[in-house]
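Subject: Structure for your review, with notes

Dear colleague,

I am passing on the structure we talked about, and I would be grateful if you could look through it alongside the notes below.

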Amino acid sequence: MSVATDETGGRAASADGFVPSGNSSRHQAPRAWIDPDRSRSWLARALPIVLARKLTLFSALGLSFVSLLAQVQIPSLLNSAVTDALEHHNGSLGHYVRIVLALAVAAGVISYAARLLLMRTAYAIEFDLRNMIYEHLTRMSFSFYDRVQSGQLISRANSDIRSVQMYLTFGPNILVQCSIAVVAFIYMLTIDVPLAFVAMLTLPLVFLMGVRMRRSLFPVSWLIQARLAEVATIVDENINGVRVVKSFAAEQRELHQLQGAADRLRWAYIRDADLRARFTPLVQNLPQVGLALILLAGGYLVIHGHLGVGAILAFSAYVVMLQAPFQMLGMLVMLGQRAAASAARIYEVLDEQPAVVDAPGARALDRCRGDVRFDGVSFAYSADGPPVLADLHLHLHPGQTVAMVGRTGSGKTTVARLLPRFYDVSAGGVLVDGTDVRELTLESLRGQIGLVLDEPFLFSVSVHDNIAYGRPGATREQVRRAARAAGADEFISRLPDGYGTVVGERGYTLSGGQRQRIAIARTLLLNPPILVLDDATSAIDVQVEQEIHEALRTLMQGRTTLIVAHRLSTIALADRVVLLDGGRIVADGTHAQLLETSPLYVEVLARAQEAKR
Amino acid sequence: MSFGGFGQGAPMFGGGGGSRAAAAPGGGLPFAGIPSELQEGVDALLLSEPEHPEPSARFSHLPADAQSKQLNLRQLIFRHWRLGALAVALVCVVSVTNQLGPALIALGINHGMVPGHRDFGVVLLCGALFLLAVAATAGAQSAQAMVSGRLAARVMNDLRVRVFAHLQRLGLDYYTEEKAGVIMTRMTSDIENLQQLLQDGLAQLVGQALTMVVITAILFTMSVELTLITIALVVPILTLATVWFTRASQEGYERVRDGIAGVLGDLSESLHGVRTVAAHNRQRWNVVEHRNVVGAYRDANNYTAQINALYGPGTQMLGYLGQAALLGIGGEMVLHHHLSIGALVAFFLYLNRFFAPIQLLVQQYNTFQQGQSSVRKLRTLFRTDPSTPQRPDAAELPPVRGEIVFDQVSFGYLPQTPVLREVSLSIAPGETVAFVGQTGAGKSTAAKLITRFYDPTEGRVLIDGHDLREVTLDSLRRQLGVVPQEPFLFAGSLRENIAFARPRVADEEVWRAVDAVGLREVVERMPDGLDTVVHERGQSLSSGERQLIALARAFHAQPRVLVLDEATSNLDLLSETKVEAALDALLEQRTAVLIAHRLTTAMKADRIVVVDDGRVVQSGSHDELLEQGGPYAQMYETWVSGSEPDAEPGSGSDV
C-alpha cells in the first residue's frame, strides 16, 4: 500500500506562472486497508480503517460521555434546589447555583472538544477511504475499465463513501448519547421509581415513530431527487440541443415534456409533505404527552407527600433532554441499512484485483534499443470471449516504422494495446529487446513507449501541464521546444493565456487538430525509443492533416514506430505495411509490394478510396 | 467474479409514457439513480401514483407577459392566496396551543400541589387541558404541513413551466452568450431555492415570531421583572451567535461544495483519461495529487466542524447558564415571595423554548434572502426578450417550393464586427448549393440566417418571396430540415430520436427513414430495435451512427429545404461511406444548403459558393470554378497534393 509521497523533480520556476502543480502532499497516505476477508461482516471489514483513528475516536467518545454526565446532573440538582432550598427552606440556594454554573461551563467546553474531535475523525476516515479507492483504481487494469462505467464509480465515490463515513463515526456517538438515557433513568429511579417509569413511557415510542418516519420518507425523498434529475435532464438537453429543438419547431412538445416531468415532481413533493404531516407532529409531540403524564402522576405523588415539587421540574427536564437522542436512535437504524448497502458497493470495487501487475523479481528496462517482437501472440478480451489475435508473429527492427492495416475488427488496435502491456497475452509473448514484457516492471516498460491515442485526452490543467504530463518536471523551454516540433507552438501562443491556458473538459475548448498536436508534443517530450500511434488524422481539414503529418514525421525520427492506420495518407508515413485479418498477419511488405501481391489489401484500400469519393 | 451492481442502466422514473430517463443532469453532482436497497420502497410508492392529466401548457413565441416581467414573491403566493391564508392561520393556532403546556404545569403546581392548595382535581384538569393542547398542536401542525406542501408544490410547478417556456422562446444568441451551467441554474437551483421558503419558511417566519410573543406574554403574567431579565440574558447573545453561525456556515458550505466538486472532478478526469494516465506512468504522481485535492476537501470539512462544534455546544451551554441564572435570581424571588414555585418551574421550561424561534428566525431570514435573489434572477430572465421575435401579425408560411434569396444581407453577432457583408445570393428550388471557405469566413452564419436563428442587421432573407420575419417561426421551421455539425441525441429511444419532427407516426415511416440512410443493419443489431434507449453522453453509438441518426431525423421530417452543416469529427471508413450515401438520398428533390468542410462533399453540389471574409467571392459548378482559377482552384490544388500517398497508383486516383 505504500506509495512514494514525494517525487518532485527539478521544476521550472516561471514568471508566467504555468509551473506544473507540485507533487508533494502535506497529507498522509491512508494508514490502513479494509479487511480482505470477504466472509466477514461489513463492519468487521471496516474495523481496520476505524481503528487507524482510534486515538481521536475514543477520546471524542470519552469526552462526549463525560460532558453528558455533567449535563445529567443538572436537572437532578434543580430538583434538590427547588425542593430543599425553596420549598423546605433547607440549604443554601447559592451553593446549588454555583454547582450548576460550574457544570454548565464544564459541559460546554468538554462537549466542544468532543464534537470537534469526532467530526475531525469522521473526515479523516472519509479522507482515508477516498484516497484508498483512488489508489486502488490507479492500480486497476484496462480489463476492469472495459467493464465498469466511470459514472458508476464516481457516484460510489460520492454518496456511498459519505454514508459509510457517517455511520462509522456518528453511530458510536449516538450510542453514547443514548447510554446517557440509562444514567438519567438511574437518577430518576433514585428520585422516585413509579414516576421514573411514567417519564420514560413515551420515549420508546419516539424511537419507533422515528424509525417508521424515516422508513417511509426515504423512498419519497429519493424519488424527489430522481425527478429533479429528470427535470434537469430535459433542461440540459434543451440547452445543448437547442438548435435541434428550434429547427424542428419542437418547442411546444418539449414544453409538454417538461410539464409532464414537473407534474410528476409536484406529486412527489405533495406525497412527501403528506408523509411529513403524518409523522412529524407525532414525533415532536410525544414528549409533550410525557410532560403531561408527569404533571398528572407527579402531581398525585406530590399531593400525597411522596415527592417535592422540584421533582416535576427535574423529570420534565430529563424528558426534554432525552428526546433528541431517541430521535437520533431512529435515524441510526436507517443509517445502518444505508451504510451496509453502500459498503457492499465500495467493497465490490476494493475487492477487485488488478489483472496486470509486476511479476515478482521483474526487472527494469533501461536504454531500450527499440527491438519489438510479437512471438506467436494469441489474445481474447475475456476468457470465454472470441479470440482477437491468433498466433501473431511480427518483428519490428529498431528505428523501423510499421503501419498496420486491416478491416474493422481485424485486431490491429489490440496489437497496439499489448505492447505497453495494457493487457496480457493469452499465449505467446511480446518481447522488447528480447525480454518478455511480463518480466519487466510496468513503469519502466511504459516509460520507454510513447502513445498517441486516436482521441487524445487532455486534462483540465494548463497547456504546459498537459504537455509535461509524462514529465512533470520539464522546464518551460523543454515544453516549448516539444510544442514547436509538434507544430503547436503557434496556436498555443495565440490562446488567451498562452501556455497557461487551462484546457480540457473544464477549460478552453480546442479543435480536434489542436488536441492532436498537443498530444504529439506530450509524447515528444518523453523522447521514447518506441512509439505507438493510433491513427486519428482522419477527416480534419487537409491543411491541418498535413501539419499533423509534418509533426508526426518529426516525432518518428529514430524511433521504432507502430501505426494503427485507418487511412491511406497515414500509410504513406510508414516504411513497411502489415495487413491483419482474423487476428493474424496475412501480408507484409511495402505499400507497392502489397498492392501487387495481396487482393485483400487492394480491397481494403479500395474501401478507403470509395469513402473519399 | 460478478459485478452485479455495475452497468445497470438508470431506471426510469416516469409514471406515464414517453418520459426520458433520468441521466445525470448537466450541473451539480451526478445523480446515479436510486440505490438498490431503496428501489422496493420507491416501487411501492409509484404504485400509488395516479395518472397525471395530459400537459396543457401552450407555447408561444411572444415575449413574456407583463406579470412575469414583474415577478415577485408576493405575486407568486397571492396566486394561491387561499392556501397561503390557511397555512398562516394554522401556524397561529400552533404557536398558541404549543406554548400552553408549561403554563398549565405552573397552574397545576400553584393551585394543586403547594401546601395549603393541595387539590388533585386541579392537577387533573390541568393535565387534561395539557393533553388537549398537545392534540390540537399535532392536528394543526399536520394540517399546516399538508397545506404549505401543496402551496409550495403548485407554485413551483407553475414557475417551472413558465421559466422553461420562456427559455424556449429565447434566441440562439442567449444560448451562446450565457454559459450552459448558468441557464441550467435558472431552471434548477434558482427554483429549488424557493421550495424551502414556500413549504416551510414563510409560515415559520410568522409562526416563530408569534411564538416569541406568546411566550413573552405568558411569562409577563407571572413576573415582568424575571421575564425581562430572562430575555436580556438569552436573546441578544443567542441572536448574535446565530447570525454569526449562519454566515460562517454558509461560507463553510460553499467551501465544502467546491471541495467535493474538486474531488469528483479529479476522479472523473482520472477515470476518463485512464489510458493516458497509464501510458504516461502518472499513477503515483496522481495518487499524491489526488491526496492534495481530497485534503483540501477535508480542510473545508474541518472548517465547518469548527463552526458547528462552537455553535452547537455553545448554545447548549448558554441554555444551562440561563438555568443557573434563573435558579439564582428566580430562587431569590421565590424565597422573598415575589414569585410562586410553579411560575419558576414554568420559567425553566420556557427558557429552552426561546432558543428554537430565534435560531429558526435567523435561518429563515437567510432562506428568505436567497429566495429573493432567485426571484430577482428569474425576473431578469423574463425581461430578456427573444432576439428573433415573431410579429403579432405574422402569417403562416404556405407550403414552399424552396426558393431562397439573400437580398443585400449584412450581419454581425456583435454590431461592430460584421460577419456577412452585403451578401446577395439566389438559390433556385431543388438546387443544391455548397458553401466553402476558411473557418470564420461566414458560411455557417449564412446558414443560420436561413433558419432564422438570427435576423440580418441589414437586408432581407426571403423564402419563396416571403421575408422570414413576416411569417410564423413554426410554419417556417417545419418546412426546413437542419442537420447540425455535431449530431445531438436526446436521451430516449431511437424511435423518439428519429421521429423527432413528427412523433406520432407508424413504425413503417420510421423504418423508411432508417432505410433511407442505411441504418437498418445497425438498428436491428440493437437489443430493443427502435425502442433502444440512447444517451447523449453514452458510448453505445459510434459517431458515424450518431450522424446517420441525425440524417434519418432530417429525412423523416421531409423538409422542403435542407440545411446541413457537415461534421468534421472522425469517422471510420465504413461509416463515412454510409454517411455519404445517406446524404445523396437526403438531397434528392429538395433545395439544400451544404456547409462543406471537405471538398468531396462540395463536389456533390450543383453549385459551389466560395465565401471569404463575409462575402461571396466565387460561385459556379466544380468544373467552372476549376477553369476560372482563383481561390477554389487553389484550395483544390492543396487538397489533391496533400491527400495522396506517395506511392499512390494512377488507377486509384479518384478526383
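The notes go through the chains, their contact and a few elements in turn.

The model is a predicted one, in which local features need pLDDT of at least 70 and side-chain atom pairs count only at pLDDT 80 or more, while totals for chains, interfaces and linings use all residues. Residues are numbered from 1 along each chain as its sequence is written, and chains are lettered from A and ligands numbered from 1 in the order in which they are written.

Chain B has 24 helices and twelve strands, where helices (H or I, at least four residues) and strands (E, at least two) are DSSP runs numbered from the N terminus. Of the 655 residues in chain B, 44% are buried, a residue being called buried if 20 or more other C-beta atoms lie within 10 Å of its own, exposed if 12 or fewer, and partly exposed in between, with C-beta atoms placed from the backbone. Among contacts in chain B between residues at least 6 apart in sequence, 78% join residues at least 24 apart; two residues are in contact if their C-beta atoms, placed from the backbone, lie within 7 Å.

Between the chains, 167 residues of chain B are in contact with 165 residues of chain A. Helix α12 (residues 283–335) of chain B gives the most to the side of chain B that touches chain A, namely 35 residues. That side of chain B comprises 89 nonpolar, 56 polar and 22 charged residues, with Ala, Val, Leu, Ile, Met, Phe, Trp, Tyr, Cys and Pro counted as nonpolar, Asp, Glu, Lys and Arg as charged, and the others, Gly among them, as polar.

Within chain B, the axes of helix α10 (residues 224–272) and α12(B) come within 9 Å and cross at roughly 170°; axes here are lines fitted to C-alpha atoms, for helices over the stretch in contact, and angles run from 0 to 180 degrees between N-to-C directions. α10(B) is therefore roughly antiparallel to α12(B), given that angles under 35 degrees count as roughly parallel, over 145 as roughly antiparallel, 65 to 115 as roughly perpendicular and the rest as oblique. The contact of α10(B) with α12(B) has 25 nonpolar, 14 polar and two charged residues.

Chain B also holds an open sheet of six strands with mixed pairing, in the order β6-β9-β10-β3-β11-β12, where two strands pair if DSSP finds at least two bridges between them. Because β6 (480–483) and β12 (615–620) of chain B stand at the edges with a single partner strand each, one side of each is left without a neighbour in the sheet. Neighbouring strands of this sheet are turned by 15° against each other on average, direction ignored. Strands β9 (residues 561–565) and β10 (residues 591–595) of chain B run parallel and are joined by five bridges, with Val593(B) in β10(B) as the bridge partner of Val563(B). Helix α15 (residues 443–450) of chain B packs on the sheet, where it touches β3 (432–436), β9, β10 and β11 (607–612) of chain B.

In chain A, six strands form an open sheet in the order β6-β7-β8-β3-β9-β10, again with mixed pairing. Here strand β3 (residues 401–406) of chain A pairs with strand β8 (residues 560–564) of chain A in the parallel sense over four bridges, and Ala403(A) stands opposite Ile563(A), while Val402(A) stands opposite Leu562(A). β3(A) also pairs in the parallel sense with strand β9 (residues 576–581) of chain A, over five bridges; the bridge partner of Gly406(A) there is Leu580(A). Six of the six residues of β3(A) are buried, so this strand is largely enclosed by the rest of the structure.

Finally, which residues does Arg266(A) contact, leaving aside its neighbours within four places in sequence? They are Ala153(B) and Asn157(B). Arg266(A) has its place in helix α9 (residues 251–303) of chain A, and it is buried, with 21 other C-beta atoms within 10 Å.

With best wishes
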